[in-house]
Each structure stands twice: as C-alpha cells, then as structure tokens.
Amino acid sequence: MKAVTIRDLTRRFGKFLAVDHVSLEVDEGEIFGFLGSNGAGKSTTIRMLCGLLKPSSGSATVGGIDVTRDPEGVKRRIGYMSQRFSLYELLTVEENIVFFGGLYGLSDPEIQTRKAFVLDMAGLRGRERTLARDLAGGWRQRLALGCAILHRPPILFLDEPTGGVDPVSRRQFWQLIDRLSDEGVTVFVTTHYLDEAEHCHRLALMHAGRIAAMGTVAELKEVFAGRAVVEVRTSAPMEAVRALDGVPNVEKTSLFGTALHVWLRQGNRDTAPLAERFLQRGLAVESMDFVAPSLEDVFMDVVERAGGAAA
Amino acid sequence: MRKALAVGRKELHQILRDRRTLLILLFVPAFFLMLYGYALNWDIRHVRLAVLDREHTGESRALISSFVNSSYFDIVAVVTSTNDIEHLMDRGEVRAALVIPEGMSRDLRGGRVAQVQVLINGDNANTATTVFGYAQAIVRGVSAQLQLEMIGGRALAPPISVDPRIWYNPELRSTLFLVPGLIGFIVMLSCVVSTSLSIVREKERGTWEQVRMAPITTVSYIVGKTIPYFVISLASALLIILAARVLFDLPMRGSWAGLLVALSLFVVGALGTGLLVSTLVDSQALAFLISLLVSLLPTVILSGFIFPIASMPLPIQLITYIVPARYFLVVLRGIVLKGVELHTVASQVGALVIYAFAVLGLASVRLARERG
C-alpha cells in the first residue's frame, strides 16, 4: 500500500488556483521532498493532506484514509511539524511533551515511555525543566520533532522544518529523519533549501500550483545530461553575466551565490570563447571549472521552462 | 474528556508563567477598584412611579397630577396596598412610590401638617438621591400652592412634609451601587481579554495550527482552554465581592448559591465573547483592542453600571438589550442589596443563559468554518 496517494488534487482560493491538479504517490518509508518557492502551493497541499483544508476537487488518501471523508482518522495517523517548531514557549521541555502526549490521547505510562525516548533522541536529558523559549534553535527543532512523533505516527509531515537552524543542527536533524525512514516511517517534507532536498529519496518540484518535475535526485539531474555547466568565479559577477551576452556556445547564465553558472549548448565543452570574451572586456576571472549541475540548477531550469519567474 | 483535561492543565501551567495574563487577571481589577471614588451626577427623568392613594380627594389627586406633570415621574402602577409596592420594587418595575395616607385632606383642612410618603429604591444611590430631590421639590411646590389658598393659615410651617424611606441602601452610599457594577465590569473585561488573547496568541505562535493537526475536536480544545479561565475568573469575582464586603460593607442579603449561579452564567457568556473575538482576528494587538471595545465600553456605558438605562434615548436602550452586564447587574444588585431569589429576576437570568448560548453558538460556527 502507498503511504500517500494524491489524484488531481486542486484547491482554489477565490479565483486563485493555489494547487492545480496535483497527482503523486509516496511509498512507505520513503522520504519524499516537496520543493518550490514561497507561494508555489506546497503548504496548501500539506494542509489538505493533513485534513486541515478541504480540497476544491480531486482526492487524496493518507495511510489509506481519504482526507475528505475522515480528516480525524488521518490526524491520528500522522505527525506534523512546521517551520515554526510550534512548541509552547512558556512550558518546560517536559510539560510540552506531556501536553502533546495528552493531546494525542496517550495513556500516562505511555507518555512516560515516550518522554524518555524523546529526551534521548533530542539530547535533552537534564534539561527537562528548561522553558521551551530558552532552548537554542537546534534543540527546539528536535523537541518539536519529538512531540510530533510521540504517538508513533506511520507518516510524518514536515513543513519547512529547518528554518533558522545552524548547519550542524540541520545535519543532526536529517540524521534523525533518516533513522525514522529506516524504521519504516514515511516522511513528507517541504523545503526551499535545495541542499536539503538531496536527502530526499524522491522529489517533486512545485511551481505555480503544479508539479513541474518529479523523480529521484539523479533523475532530475538527468535533465542536464549532455549540457555542461561551467562555474565562473570572479570579483565582478554582474559584469561577467553581461560580458557573456552573445557568446555563440553559451545557452544561458545565472548567478549562483557569489559565482556564475554558465550553461553551454548541448554537446559543447569549449570554454575558450568564454575566456576570450572575458579577456576582451578586461574582466579578471579567478577560476573557471566544470561542475556537476546542482539541484538549484535543475530547479532554475524547470522554473524557467515552466515560464515563471525564478525564486 | 482526557484530552480536554490535558489542554486545561497545559493552559494552567502557561497562565502561571505568563506575567501578562496574570497581571490582567489580578491587577486590572485592583486598578479599577481605586477608580470609583469619583462622584457622578445624573439627570433623571421618567422615573417609574407607583401610587398608593388612600385618600381619593381633590387634594390627593392634585398632588399626584403635579408628580405626573413634572415629567420626572411616570405613573406605571396604581396600587392598593404596600405589599404591591414591595413586589413592584423587588422586580424593578418601579423605582419610587408615592403613598398618600388616609386623612391628608382632613389634616390640611384642620390646619395640621399632613404627611405623604415617598418610597425610593435606593439600590442605585445616585438615582435615589436625585429622585428624592425631585419628589421633595414637587411636594414643596404643592405645599406653597396650598399655603396661598389657605389665606390666614399658619403660613410659617409648610402644610405638607415628605416622609421619605429609601429602601435597600438607606444611607444612599454610592459604593453599594457601584460595587456590583464594578464586579460585572471586571469579570467581563478580564474574561473577554484573557480568553481572546490566549487563543489568538496560539494563532500567532503557530501552536494553534499544530493543535489543529492533532486528533482533538475544536470543542474539547476550547473547553479545556477555558476551564482554567472560568475557575480563575469565578474566583477573582468572588474575591472582589468578599473584598467589597470587608472594605465597603457591601451587604449580602440573598443566597450565595444564587449568586454563584448568576456569576457562572455571566462568566460563561463573557468567555464565549472572548472566544468569538478570537475567531475574528489573528493578531494579539487587534484582539486586545476589540476585546476592550466589546467588553469595556458597553459594560460601563450601556449596562446601567453608571448611566441609568431608563434615561437613555430609545435606540440606545434597544442596544443595551444585547449587553449581558445589563442583566447581570440587575441580578447581582437584586441578590446582594435586596436579597431577592433567582426566580424573582428569572427574566434576567434567562437573558444571561440566552446570551451565553448565542455567543458560544456563534463562536462554534466561526470555528467550524475555519476548516475551510
């Protein structure tokens, strides 16, 4: 049985089509990433899957349960954690755990067992009496995750779970997610961190309410098969973009952090024309290397082809 | 329900740690307790008057018509016994009564000082003072008229003097009138503000969304959330009543059980109002503002707390019918000052029940709609 099945799921807000005929399936134990810029429809989709929002049309089952017919049944089988790590700031670590346990109807002995598990998992032993608001980002995030899985849900929804957390904590967090996945928990995660998406078994790129591309990370990168990407490092990237205008074997350019990514035309691996143009314009170039296309490259390409503005 | 209890326990932990909520619940009442030393003046017209005429002579009718012609009094009842007056007063149907004893005309003709009795409901001390003043002025006017007519009579003493009896608050102490109003006001304010803030705060912080993802019905979540506020509000209201008894000699002439019932109904309505506010807005600042607007102003201005409803223009009077404090104050003053039983003020108690059901119903409809 599939953990999540979505068929032609659509949601309108007035005239605005937030989610437009989305269909997909997620396997049990899979980490499924939902990628897209703000307003692409990710959160609306998740809210429909969690039974919070009624679809305008289409259907979705989560854990085999229809989200429209039995939203409460869905809620019992899922864990949910959002970008805001919604803990009660004025409650202690322990009180938060006990409260969420009670909210999900766990018995007292069970709450005790799960509390021990969460404290170990989040590394919060000895900080049981700390107020949630006094916890640093990484701990808050892990505590929020712990509270979301107290009732051992087979499916876990994470809505941009790593916002505002340092890189070390993010890595620790993803280790926990990997472990849950190994134990058979299905993880449905939205993010706009592209590096994070590399942790996902499969990805859907969402743009303007539609799924623009879907597949494994490797499959998505296939889009670039045969097209080479050159990373140019220079102190004046903006001028470099302008300088490359009209170079015959350049398909397109884009800024990539502080560097510049240059797509060469299909089958072309010749960087000489680039170097020549930079020389003509008197631009100092620090380095020029072939790089493997990143997910961000894929994302930009997909969005561009979908005809929308880049994130 | 177990889940609701878990929510209630959580809420209690939060309240005990949240200084702001505690301040609102504890010190705002104390602050307002200091405010009611202010004397307030009222202009009163159309006081509902009952007349007991044991005389039925030209003189007695002349006296009655001068009350009517003054426009300060409206005769709403003509009764035949003092028991009737008591009844009408208890139910608040009249504020004052004019009793003309047998033998007034005889005394007048015989050159003796004739006495008429004016009974005034003193549960609103300021109104009572004013009413007393009006009655005295009218009677003096009639006296002067009679004096002129009785040429050669003993002109030095006024032929008629008033023998006033002010019921329920004989010393006309304004605190006795203001304290019940204040209790209603404080309860309303703290309930509405604390409930609406506690829910909107969850919306702001995102915990509301988190809770909505859990398999708990909105109703049990709300019940769980409001139980602590209900208990705290009830306790603080009883504390104010006790304090008023100690500090201001507020009497307690009715039953505590009746008071508790009325107070609970009023608190439920107030909590429901706060809940309704929280379903309309998404920010704490706005929630606070609207809570103040819907609780503070109507409860102070449109409830009869300070300004008598009877002297308001009709459209405003109609608005006061949806202000729960209007009913609560009648019940509270009735129980505390007059010692009436709940069934005497059954229509007011009924109105409180209706209000509570109405706001809770509206709030649940709004909450259900949030599911989209």
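## A buried glutamate in a loop

A:Glu160 is buried, with 21 other C-beta atoms within 10 Å. A residue counts as buried if 20 or more other C-beta atoms lie within 10 Å of its own, exposed if 12 or fewer, and partly exposed in between, with C-beta atoms placed from the backbone. A:Glu160 sits in the loop between strand 7 (155-159) and helix 6 (167-182) of chain A. Helices (H or I, at least four residues) and strands (E, at least two) are DSSP runs, numbered from the N terminus. Phi of A:Glu160 is near 45 degrees, a positive value in a residue other than glycine.

This is a predicted model: local features need pLDDT of at least 70, side-chain atom pairs count only at pLDDT 80 or more, and totals for chains, interfaces and linings use all residues. Residues are numbered from 1 along each chain as its sequence is written, while chains are lettered from A and ligands numbered from 1 in the order in which they are written.

## Another positive phi

A:Asp8 also has a positive phi, about 50 degrees, although it is not a glycine. A:Asp8 is found in strand 1 (residues 4-13) of chain A. Is A:Asp8 buried, partly exposed or exposed? A:Asp8 is partly exposed, with 13 other C-beta atoms within 10 Å.

## The two chains

Chain A has 11 helices and 14 strands. Of its 311 residues, 44% are buried. Two residues are in contact if their C-beta atoms, placed from the backbone, lie within 7 Å. In chain A, residues 24 or more positions apart account for 69% of the contacts with a separation of 6 or more.

Chain B has 14 helices and five strands. Of its 372 residues, 45% count as buried. Residues 24 or more positions apart account for 79% of the chain B contacts with a separation of 6 or more.

## Where the chains touch

The contact between the chains takes 21 residues from chain A and 21 residues from chain B. On the chain A side, helix 2 (71-77), strand 6 (78-82) and helix 3 (93-103) each supply at least two residues. Helix 3 of chain A gives the largest share, four residues.

By class, the side of chain A that touches chain B has 10 nonpolar, four polar and seven charged residues. Ala, Val, Leu, Ile, Met, Phe, Trp, Tyr, Cys and Pro count as nonpolar, Asp, Glu, Lys and Arg as charged, and the others, Gly among them, as polar.

## Helix packing in chain A

Two packed helices are described by the angle between their axes and the distance between the axes. Helix 3 of chain A packs on helix 5 (residues 137-148) of chain A at an angle of about 25 degrees, with axes 9 Å apart. Axes are lines fitted to C-alpha atoms, for helices over the stretch in contact, and angles run from 0 to 180 degrees between N-to-C directions. Helix 3 and helix 5 of chain A are therefore roughly parallel to each other. Angles under 35 degrees count as roughly parallel, over 145 as roughly antiparallel, 65 to 115 as roughly perpendicular and the rest as oblique.

Which residues make the contact? Helix 3 of chain A uses A:Val93, A:Asn96, A:Ile97 and A:Phe100, and helix 5 of chain A uses A:Leu143, A:Gly146 and A:Cys147. The residues of this contact divide into five nonpolar, two polar and no charged.

## Helix packing in chain B

Helix 9 (residues 218-248) and helix 10 (residues 256-280) of chain B have axes that come within 10 Å and cross at roughly 130 degrees. That makes helix 9 of chain B oblique to helix 10 of chain B. Residues in the contact include B:Tyr229 and B:Phe230 of helix 9 and B:Val267 and B:Leu271 of helix 10. By class, this contact has nine nonpolar, three polar and no charged residues.

## Nonpolar cores

A nonpolar core is a set of buried Ala, Val, Leu, Ile, Met, Phe, Trp, Tyr and Cys residues joined through C-beta atoms within 7 Å. The largest has 149 residues, and A:Leu143, A:Leu156, A:Val187, B:Ala262 and B:Leu352 touch the most other members. Helix 7 (residues 174-205) of chain B gives the most to this core, with 17 residues. A second, separate core of 34 residues includes B:Leu49, B:Tyr72, B:Ala96 and B:Leu119.
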